[in-house]
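This briefing is meant to be read with the sequence and the 3D view side by side.

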Amino acid sequence: MKPIQDIFPKLAQPHRVVITTHQKPDADAMGSSLALKHFLEQLGHTVTVISPTNWAGWVNWMPGTKQVMDYDMDKQKCETVLDNAEWLFCLDFNIFHRTRTMTEKLKQMSCTKILIDHHQEPDEASFDYGISDTAKSSTCEMIYDFIVDSGYEDKINEEISECIYAGVIGDTGSFRFSSTHAGVHRLVADLKSRGLKHSRVHDKLFDNFLENRLRFTGHVLLHRMEVFYEYNTVLIAIPKNDLLRFQIKTGDTEGLVNFPQSIQGIKLVALVIDRDEERKWSFRSKDSFDCNTFARKYFGGGGHYNASGGRSSESLEKTVEDFKKAMKENASLLQ
Ligand code: 5GP
Ligand code: MN
């Protein structure tokens, strides 16, 4: 993988570009994809964003979401666009299998592939150009750097600012995670000086839900949360029936895993949701517990040091048992 800077001289010449990201894109994945799209379009490129799957309703406010294609929904049309692409940008993921059903298609493509990502253990051999930096708070921060470093910072308009800010907010937990280095605040100061209306973005991201989501949160915290004080760990296991009862949709469970972190002394929070196709795990930690290694070792996943995810094809009961065993094995690291 050649350094990302090597692509800068080629930016002035229009290309057919596809931008893609991980399945079930969150604010950082969608925000970075759309910010890059709005930037490249100003330089004359033809740009399509393709998501491997659907996404949460609460990202629909982002400028440009209406034009995003859903590979799961419209495989044939997406493949035609992919076949015509000269450049493929892969944002907020670093190994093709995180796009699920798109994996084989992406592997086969022979166009120029460019990686911009902040997760651990990138599959660098699969990309022609790129940057992988786990010190970055978000992929949106990296898109901001990309625009500034390429010499086009005058192209940062309101649309780009809102998309970038949304991703930064999402991935830093509104500036609370340790990934929030000084440069993140400088970036936000720059966006503010360009006219960013940050309250609007918070409102769209956090005060934009239906009643059922809040009631579901209450139900889960009351009935599905187990605290293991001996291990400074909280486990939340959500059965399929709960999702049906509260009419939970993609994205409605986002942020749930953060609530138990407010309990004194908790080091690890694990959340598992019984989805149709798999049991999906989310892990969040404080201090020195390494969620990335934990997710990789026990649940075929990965992510960051303090936030990771994984999966299991076992039943909910079995994967919960597996988790408790893993928690006990890690007792010394959780003290
Ligand atoms: P979340 O719990 O929000 O789904 O994911 C937390 C973090 O871990 C995100 O940065 C996400 O990209 C990463 N992550 C989630 N699931 C997986 C997975 O199965 N594999 C890898 N490598 N990373 C994951
Ligand atoms: Mn991210």
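Donors are here the N, O and S atoms within 2.8 Å of the metal (3.2 Å for Na, K and Ca), and water is not among the atoms, so sites may look incomplete. What follows describes a predicted model, in which local features need pLDDT of at least 70 and side-chain atom pairs count only at pLDDT 80 or more, while totals for chains, interfaces and linings use all residues. Residues are numbered from 1 along each chain as its sequence is written, chains are lettered from A and ligands numbered from 1 in the order in which they are written, and side-chain values use heavy atoms, with hydrogens and water left out.

**Manganese site**

- Along the chain, the donors of the manganese ion (ligand 2) follow the spacing D-x63-D-x25-H-x52-D.
- The pair Asp-28 and Asp-171 links distant parts of the chain, the former in helix H1 (residues 27-42) and the latter in helix H5 (residues 158-172), 143 residues apart; helices (H or I, at least four residues) and strands (E, at least two) are DSSP runs, numbered from the N terminus.
- The protein donors of this ion (ligand 2) are Asp-28 (OD), Asp-92 (OD), His-118 (NE2) and Asp-171 (OD), and they lie 2.1 to 2.4 Å from the manganese.
- Asp-28 is buried, with a relative accessible area of 0%, and Asp-171 counts as buried at 18% relative accessibility; buried means under 20% relative accessible area, exposed over 50%, and partly exposed in between (1.4 Å probe, protein chains only).

**Residues with positive phi**

- Most residues other than glycine have a negative phi.
- Asp-92, although it is not a glycine, has a positive phi of about 65°; its place is in the loop between strand S5 (87-91) and helix H3 (103-108), and at 2% relative accessibility Asp-92 counts as buried.
- Asn-232, also a residue other than glycine, has a positive phi near 50°; it is placed in the loop between strand S8 (225-228) and strand S9 (233-238), and it counts as buried at 18% relative accessibility.

- Two packed helices are described by the angle between their axes and the distance between the axes. Axes are lines fitted to C-alpha atoms, for helices over the stretch in contact, and angles run from 0 to 180 degrees between N-to-C directions.
- The axes of H5 and helix H6 (residues 182-193) come within 11 Å and cross at roughly 150°, which makes H5 roughly antiparallel to H6; angles under 35 degrees count as roughly parallel, over 145 as roughly antiparallel, 65 to 115 as roughly perpendicular and the rest as oblique.
- In H5, Ser-161, Ile-164, Tyr-165 and Val-168 meet Val-184, Leu-187, Val-188 and Leu-191 in H6, and by class this contact of H5 with H6 has 7 nonpolar, 1 polar and no charged residues. Ala, Val, Leu, Ile, Met, Phe, Trp, Tyr, Cys and Pro count as nonpolar, Asp, Glu, Lys and Arg as charged, and the others, Gly among them, as polar.
- H5 also packs with helix H7 (residues 198-206), at an angle of about 55° and with the axes 10 Å apart, which makes H5 oblique to H7.
- Glu-162, Tyr-165, Ala-166 and Ile-169 in H5 meet His-198, Arg-200, Val-201, His-202, Leu-205 and Phe-206 in H7, a contact that by class has 6 nonpolar, 2 polar and 2 charged residues.

**Packing of H10 with H11**

- The axes of helix H10 (residues 291-299) and helix H11 (residues 316-329) come within 11 Å and cross at roughly 130°, and H10 and H11 are therefore oblique to each other.
- Phe-294, Tyr-298 and Phe-299 in H10 meet Thr-319, Asp-322, Phe-323, Ala-326 and Glu-329 in H11, and the residues of this contact divide into 5 nonpolar, 1 polar and 2 charged.

**Exposed residues**

- Glu-230 lies in the loop between S8 and S9 and is exposed, with a relative accessible area of 61%; Glu-230 and Ile-160 are 70 residues apart in sequence and 46 Å apart in space, C-alpha to C-alpha.
- Gln-335, found in the segment after H11, is exposed with a relative accessible area of 53%.
- Leaving aside its neighbours within four places in sequence, Gln-335 is in contact (heavy atoms within 4.5 Å) with Glu-230, Tyr-231, Asn-232 and Lys-267.
- Gln-335 and Thr-233 are 102 residues apart in sequence and 9.9 Å apart in space, C-alpha to C-alpha.
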